[in-house]
Amino acid sequence: MKKPALKPGSRPPWVGLAAAVWVEMSAGNAYNFPLYSTALKSVMGFNQQQVTILGVANDIGENVGLLPGIACNKFPPWAVLLVGVVFCFLGYGVLCLAVSETVTGLPYWLLFLALVVGTNSNAWFGTAVLVTNMRNFPLSRGTVAGILKGYVGISAAIYTALYSMVLKESATRLLLFLALGIPVICLVMLYLIRACTPASGEDSSVHAHFIFTQAASVFLAIYVTIISITSDVISLSDTVSYILIAIMVVLMMSPLVIPIKMTLFPANTNKPTPASSSDDLVRQGGDSTQTDPLLTPSSSFYDNEDDVSDVETLLAVGEGAIKKKRRPRRGEDFKLGEAFRKADFWLLWAVYFLGVGSGVTVLNNLAQIGIALGIDDTTTLLCVFSFCNFAGRLGSGAVSEYFVRSKTIPRTVWITITELIMVFLFLLYASSLNGTLYVYAATALLGVCYGIIYSLMVPIASELFGLKHFGIIYNFVLLGNPIGALLFSGILAGYVYDAEAAKQGSSTCLGAECFRLTFQILAGVCGLGTILSTILTIRIRPVYQMLYAGGSFRLPQTSGH
């Protein structure tokens, strides 16, 4: 297949990143499930386990992205985004018809399928912009992943603000916005998200641009959290609400300041290219004429179990010799089948599955957890989780990037610490202390932990297994989320909750016993995740020492065979 031409210049990657921010916020639409699940339960007459299973459908659709992972290597980003637009319209359109009772008597399986299709738009949106921007900014993978995943995290608070202040807490209006508004936003961004000449991650102006983008996202997150809580506590007039939302929209557009600034005040293009720039990555290939370094197999660290001598890489055939094709090594570009043969791949998958699977169990049942533990209005609880989820995603990208460059500390170290903290958080949930303050504290910290694990998996997968087939490898690891949701939320939490509710003779369960056993099991799950993450960190430490030996990411030298 003919490779797409790269958009030249230093400005296009930043235009694409600014557009990607809007697409990623659109890709957070699955976080709205707690906002309309109660209406869905009431209108359709479902019990809690049926609603929990629909929550699993929500997670399946959001995270099953093998097809977009394959598509992003065969089609341009706009084509991948267009599929997401169609899925979003169809899936949420059906749900809107059901909740508004425009169409009555829709079967349960159809609503399950509609949720899968609607939220699967996130996989197409997220894969298209993440893969494209990781390739456009190859030297700043952790930072870019943190920014993009951070905006997905804060999107829940943005939707909550819209739901409370503009849509008047109407589930029907919310679903109508998801069915029509989100597709329109993504259609507007289609042209702007494209493969570009990779930007240098070492240039001082690039560093300043990333800091500005991160600061803008933090300010947006704080602002949205404040107005969401304020509108929940104080009754605001329609005029004030619309003004506050308008300011929020302006803040959401702040990443566009960078390409506008680059247009009005262009940099001196005659300066010598700094060392370790993206152009330098091309030159590392010697006399190669390849102009897309991210789509060529990068040579890599030779791990002991696969060590092969130069002689063994050649096979004598007749009177000559031909090069033997060897398996890729950690740091090179892996195909999915090749990654399957690496123990590190399955360790990464298991660590992600155990950590995110347990976290999403709380997210899917957050409304019921809050009510069971004595919190009447769970909107604020969702907002707290959303903000802290954002903080974990953005902060983990920046912090891990600093330490991996300065100390060559593997990013998995932070996942190990995170899962250990989650053990204590789940035990805190299960303790049933007096009051509700501990619920807010545990939810806030769990949001941070969930964001850290979700965000760090992205650069880890790209560093260990390369960027060429990153889309499908990344989406395969993401399968840990819906599988975890099915096991821990759909089966475990749903069964325990309904069993306790039956003892109370009601469909709504009240008290710590509703989720105590679930939390205790999840604490053990995260304990296992801590052990596996420690093993993975020990195994991949030499890889990070090779990749970041010079204080910044570098593609390993080719073998020259």
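User: Where does pLDDT stay under 50, and how many contacts does the model have there?
Analyst: This is a predicted model; local features need pLDDT of at least 70, side-chain atom pairs count only at pLDDT 80 or more, and totals for chains, interfaces and linings use all residues. Residues are numbered from 1 along each chain as its sequence is written, and side-chain values use heavy atoms, with hydrogens and water left out. The pLDDT (the predictor's confidence in each residue, from 0 to 100) stays under 50 over residues 269-323. For that stretch the model has 89 contacts (heavy atoms within 4.5 Å) beyond four places in sequence. Residues 557-561 also have pLDDT below 50, with 8 contacts beyond near neighbours in sequence.

User: Why does low pLDDT matter?
Analyst: Where pLDDT is low, the predicted coordinates should not be read in detail.

User: And what is the mean pLDDT of the chain?
Analyst: The mean is 82, and 84% of the residues reach 70 or more.

User: Now the helices. How do H5 and H6 cross?
Analyst: Helices here are DSSP runs (H or I, at least four residues; strands are E, at least two), numbered from the N terminus. The axes of H5 (residues 77-99) and H6 (residues 108-136) come within 7 Å and cross at roughly 155 degrees. Axes are lines fitted to C-alpha atoms, for helices over the stretch in contact, and angles run from 0 to 180 degrees between N-to-C directions.

User: Which orientation does that make for H5 and H6?
Analyst: H5 is therefore roughly antiparallel to H6. Angles over 145 degrees count as roughly antiparallel, under 35 as roughly parallel, 65 to 115 as roughly perpendicular and the rest as oblique. The contact of H5 with H6 has 20 nonpolar, 7 polar and no charged residues. In these classes, Ala, Val, Leu, Ile, Met, Phe, Trp, Tyr, Cys and Pro are nonpolar, Asp, Glu, Lys and Arg are charged, and the others, Gly among them, are polar.

User: What about H2 and H8?
Analyst: H2 and H8 (residues 171-189) pack at about 125 degrees, with their axes 9 Å apart. They are therefore oblique to each other. Leu35, Tyr36 and Ala39 in H2 meet Ala171, Leu174 and Leu175 in H8, a contact of 6 nonpolar, no polar and no charged residues.

User: Tyr36 again, then. Which aromatic pair does it form with Phe33?
Analyst: The pair is edge-to-face, 5.6 Å centre to centre with 85 degrees between the planes. Rings of Phe, Tyr and Trp (its six-membered ring) pair if their centres lie within 6.5 Å; planes under 30 degrees apart count as stacked, over 60 as edge-to-face and the rest as tilted. Both residues lie in H2 (residues 33-44), 3 residues apart, about one turn of the helix.

User: How many aromatic pairs are there?
Analyst: The count comes to 29.

User: Last topic: how do H14 and H18 cross?
Analyst: The axes of H14 (residues 343-364) and H18 (residues 437-465) come within 10 Å and cross at roughly 160 degrees. That makes H14 roughly antiparallel to H18.
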